Amino acid sequence: MTEAARETCDLLIEAGFVVPVEPHGVVLEDHAVAVSGGRIVAILPTSEARARFDAVEVVSRPEAALIPGLVNAHVHNPMTLLRGVADDLSLKVWLQQHIWPIEAAVIGPEFVADGVTLAIAEMLRGGTTCCNENYFFPDVQAATYKRYGFRARVGLPVIDFPTAWAKSDDEYFDRAGEVHDQWRDDALIATAFAPHAPYTVSDANFEHIRMLADQLDLPVHLHLHETAQEVEQSQQKHGQRPIARLNRLGLINDRLIAVHMTQLTEGEIHLCAERGVSVVHCPESNLKLASGFCPACALQRAGVNLAIGTDGAASNNDLDMFGETRTAAILAKAVADDAAGFDAFSALRAATLGGAKAMGFDHLVGSIEPGKQADLVCVDLSALETQPLHHVVSQLIYATGRHQVSDVWIAGKSRLAKRELVEMDMAGILANAKQWRARIAQIVR
C-alpha cells in the first residue's frame with residue numbers, strides 16, 4: 001500500500017489476542033483494532049493494520065487479550081458507600097432492618113453522586129465500561145456517569161411508599177418523565193423504568209409503567225422471583241406467582257430485564273424465551289443472601305438472553321465482573337449437574353453482549369465489530385497466575401483477576417491507562433469514602 005493510500009485513525013490497539021465475542025467462539029491472534037470518532041473502523045492482523053493506518057495513538061499490548069468492555073447488567077451503585085455495613089443476614093432482615101433505615105438517614109444527591117463516583121472508579125479498574133443502574137436520584141446518577149464518560153442506563157424508580165426521591169405515585173412518574181426527557185438523546189446515558197419488585201409495586205403502577213414503556217420504547221428493569229418467600233407471598237396476596245401476575249399486566253415481553261430469577265418452573269422459563277425476556281444472573285449476591293440459584297443452563301438451553309450483574313456492593317460486596325462471571329459459570333454447572341454447561345465463551349458473552357442486549361445497547365456495544373462504539377478492555381495475561389496460556393477465553397473466565405486489567409476505553413476515550421485512572425482523582429475518591437464511613441458509622445451505632 002502506498003503512502004498516499006494509507007488511512008488515518010485516532011487509535012490503533014495492537015493485542016496478542018482479540019476476542020470479538022461476535023462471531024461466537026473466535027479468538028484472533030496478533031490482531032489490532034482501529035478506532036476513529038469513538039467507533040471501531042477495522043479489526044485486522046497487526047501487520048496489515050500497521051501497513052494500512054496512520055494512527056494518532058498506538059497502544060501495543062502483545063501479551064494481552066483485547067475484549068469488549070464488560071457490561072454490569074444490574075447495579076445499585078450509590079450503595080457502594082454501604083459496603084459491608086450489614087453482612088451475613090437474610091434478605092428480608094438485611095433490607096428491612098438495616099439497609100432501608102440507613103438509607104433513610106443518608107440518602108440524597110450527595111450520597112448518590114459520591115457513591116456512583118466510587119463505583120465508576122472500581123468498575124473501570126475491573127474492566128467494566130457500562131452498567132444498568134437501579135437506585136434513587138437518577139438525575140444525579142446520570143450527571144455523574146456523564147461527567148466521567150461512563151456508559152449507563154439509569155433506572156427511573158417506582159415504589160409504593162414515599163422516599164427522599166418522591167412522596168407519591170404521581171411524583172414518581174412526573175420525576176421519571178423529567179429525567180427521561182433530559183437524557184433521551186444523550187450518546188452515553190439512557191433511561192429505563194425501574195419498579196423495585198412485584199412485592200413493592202401495585203398493579204396500577206405496573207399498568208402505568210407498561211403504558212409509558214410502550215409509548216417511550218423503554219426497558220423495564222426489576223427484581224423478579226428473587227426468593228421463594230417472594231413467590232409464596234405473591235400467591236397468598238394475588239393468587240398468582242409474580243411472573244404470572246406481570247404477564248397478566250402485560251409486562252412479560254422483550255423490554256423486560258428480569259433480575260435474579262432464582263425460582264422458576266419449566267413453563268416460566270419457556271414463557272421468558274417466547275416473549276424475549278432478558279434475565280440478569282447475580283450469583284454472588286444470591287449466594288450471600290441465600291436467595292436461591294438461577295437456572296442459567298436451563299435458561300440458556302431455552303434460548304433466553306442471559307446477562308451478568310454484580311448487584312449492589314452492599315450485598316455482594318464488590319463490583320468485580322471477572323469474579324462474578326467466574327462464579328456464574330461454575331455455579332451454573334453445579335446447578336445443572338452438567339460440567340459442559342455454560343462454557344467459558346458463553347459466560348464471556350453473557351458478561352458483554354448479553355448485558356448489552358438486555359439493556360437495548362447491543363447495536364452500540366458488547367462485541368468488537370466495525371461500526372460499534374469502541375468500549376474496549378485490555379487484560380494482561382502475562383502474569384504467572386494466567387500462564388501457561390493454553391486457552392485464552394478459559395483463562396479469562398476461570399483464572400483472570402480484575403487486577404490484570406491494564407487499559408480501558410469508552411467510546412474510544414482512555415479511561416484507564418496502564419492501571420491508572422484517567423481524569424479521576426483517586427486520592428480524593430478514597431478520602432471521600434472514608435468520610436462517608438465515619439458518617440454512616442454514627443448511624444449504625
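Close-up 1. Ala-427, Lys-434 and Gln-442 are exposed on one side of α15, in what is a predicted model throughout. On the other side from these exposed residues, the buried residues of the helix are Ile-429, Trp-436, Ile-440 and Ala-441. An α-helix has 3.6 residues a turn, so residues three or four places apart point the same way. The buried residues pack against α2 (91-106) and α3 (109-125). Helix α15 itself runs over residues 426-444, and because its 19 residues should span 27 Å at 1.5 Å a residue, the computed separation of 27 Å between its end C-alpha atoms agrees with that expectation.

Close-up 2. Ala-121, which has its place in helix α3, is buried, its relative accessible area being 4%, against a cut-off for burial of under 20%. Leaving aside residues up to four places away in sequence, Ala-121 touches Leu-421, Met-424 and Ile-429, and Ile-429 is also one of the buried residues of α15. The C-alpha atom of Ala-121 is separated by 9.7 Å from that of Val-422, although these two residues are 301 residues apart along the chain.

**Close-up 3. Helix α6 and the elements that pack against its buried side.** Helix α6 comprises 14 residues, 203-216, and reaches 20 Å from its first C-alpha to its last, close to the 20 Å expected at 1.5 Å a residue. Its buried residues are Asn-205, Phe-206, Ile-209, Leu-212 and Ala-213. They cover an arc of only 130° around the axis, which puts them on the same side of α6. Both helices and strands are found among the packing partners of these buried residues, namely β7, α5 (169-183), β8 (189-195), β9 (220-224) and α8 (242-248). Just after the helix, Asp-217 takes a positive phi of about 55°.

**Close-up 4. The largest pocket and the residues around its centre.** The largest pocket has a volume of about 490 Å³ and is lined by 32 residues, of which Leu-95, Trp-100, Glu-103, Phe-136 and His-196 lie nearest its centre. The elements that give two or more residues to this lining are α2 and β7 (151-158), and α2 gives the most, with seven residues. Helix α2 is also packed against by the buried residues of α15, while β7 is one of the elements against which the buried residues of α6 pack.

Close-up 5. At least two lining residues are supplied by each of α12 (321-336), α13 (344-358) and α14 (392-398), and the largest share, four residues, comes from α12.

**Close-up 6. The annotated span, residues 66-413.** An unreviewed UniProt entry places the feature "domain: Amidohydrolase-related" at residues 66-413. In the model, the end C-alpha atoms of this span lie 15 Å apart, and the span is 43% helix and 17% strand.

Technical notes:
Residues are numbered from 1 along each chain as its sequence is written. This is a predicted model: local features need pLDDT of at least 70, side-chain atom pairs count only at pLDDT 80 or more; totals for chains, interfaces and linings use all residues. Side-chain values use heavy atoms; hydrogens and water are left out. The expected span of a helix is 1.5 Å times one less than its number of residues. Buried means under 20% relative accessible area, exposed over 50%, partly exposed in between (1.4 Å probe, protein chains only). Contact means heavy atoms within 4.5 Å. UniProt positions are given in the numbering used here, feature names are shortened, and annotations may be inferred rather than shown by experiment. On a 1 Å grid over the protein atoms alone, a cavity is a set of points where a 1.4 Å probe fits but cannot get out, and a pocket is an open set with protein on both sides within 12 Å along at least five of seven lines; lining residues have an atom within 4 Å of a point. Grid points are joined across faces, edges and corners, and a volume is the space filled by probe spheres set on the points. The arc is that of the directions from the helix axis to the C-beta atoms.
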